[in-house]
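Subject: Structure for your review

Dear colleague,

Please find below the structure that I am handing over to you.

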Amino acid sequence: MMSLLGLFGCSATINDYQNTKPVFSLFSYFEGNIKAWGMLQDRSGKQTRRFTVDIIGTVNEDVLTLEEDFIFDDGEKQRRVWVISQNEDGTYTGRADDVVGEATGIALGNTLHWQYVLRIPVDDTTYDIKFNDWMHLQDEKRLFNTAKMTKWGFTVGTVTLFFEKQD
């Protein structure tokens, strides 16, 4: 029986996933072709957009390049290219054209915790939104991702994604 404390506990930390399986290897999982399906929700939980993503991952020594092609339900298309490095201490850093500064991440057990600031264009301006991503490997082909989006410490929305490695 699930403890009520588990339902109302404090925020998760990467150490909570230390003994979970299967072990998530960022480079191994994202090398090759990946398909993803996702949705954006506003701060009230209302779904505002849906999208699909085709991803091609290429590993060259300690660098992973992810070419992500998004198609939104309204027909909008976006492309993001991540260049991610694995550091000597096992952590990750990444860059993309619309990421402010550097993304940082750490994997433990079946989970990757990934954080970055994304510059998002809206009408005639842009907003810098902080993303706090948690990726959880289900099995060798499937990965769940939830990302909390914040601005000035306030939640502005959530992104939920389901990834599937293609053969």
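The notes below cover the strands and then the pockets.

This is a predicted model, in which local features need pLDDT of at least 70 and side-chain atom pairs count only at pLDDT 80 or more, while totals for chains, interfaces and linings use all residues. Residues are numbered from 1 along each chain as its sequence is written, and side-chain values use heavy atoms, with hydrogens and water left out.

The strands form a closed barrel of 10, in the order β1-β2-β3-β4-β5-β6-β7-β8-β9-β10, with antiparallel pairing. On average, neighbouring strands of this sheet are turned by 25° against each other, direction ignored (axes are lines fitted to C-alpha atoms, and angles run from 0 to 180 degrees between N-to-C directions). A strand here is a DSSP run of E with at least two residues, numbered from the N terminus, and two strands pair if DSSP finds at least two bridges between them.

Strand β2 (residues 47-60) and strand β3 (residues 63-72) are antiparallel and share 10 bridges; D54 has D69 in β3 as its bridge partner. Between β7 and β8, also antiparallel, there are 12 bridges, and R119 stands opposite D128 in β8. The hairpin of β7 and β8 has 2 residues between the strands, and D123 takes a positive phi near 55° there. Antiparallel β8 and β9 are joined by 8 bridges and form a hairpin with 4 residues between them; W134 stands opposite T146 in β9.

Next come the pockets. A pocket is an open set of points on a 1 Å grid over the protein atoms alone, where a 1.4 Å probe fits, with protein on both sides within 12 Å along at least five of seven lines; lining residues have an atom within 4 Å of a point. A volume is the space filled by probe spheres set on the points.

The largest pocket has a volume of about 990 Å³. Its lining has 42 residues, and L40, L118, I120, F131 and V159 lie nearest its centre. Strand β7 (residues 111-122) gives the largest share of this lining, 8 residues. By class, the lining has 29 nonpolar, 4 polar and 9 charged residues (Ala, Val, Leu, Ile, Met, Phe, Trp, Tyr, Cys and Pro count as nonpolar, Asp, Glu, Lys and Arg as charged, and the others as polar).

The second largest pocket has a volume of about 220 Å³. Among its lining residues are W134 and T146, and β9 gives the most to this lining, with 4 residues.

Yours sincerely
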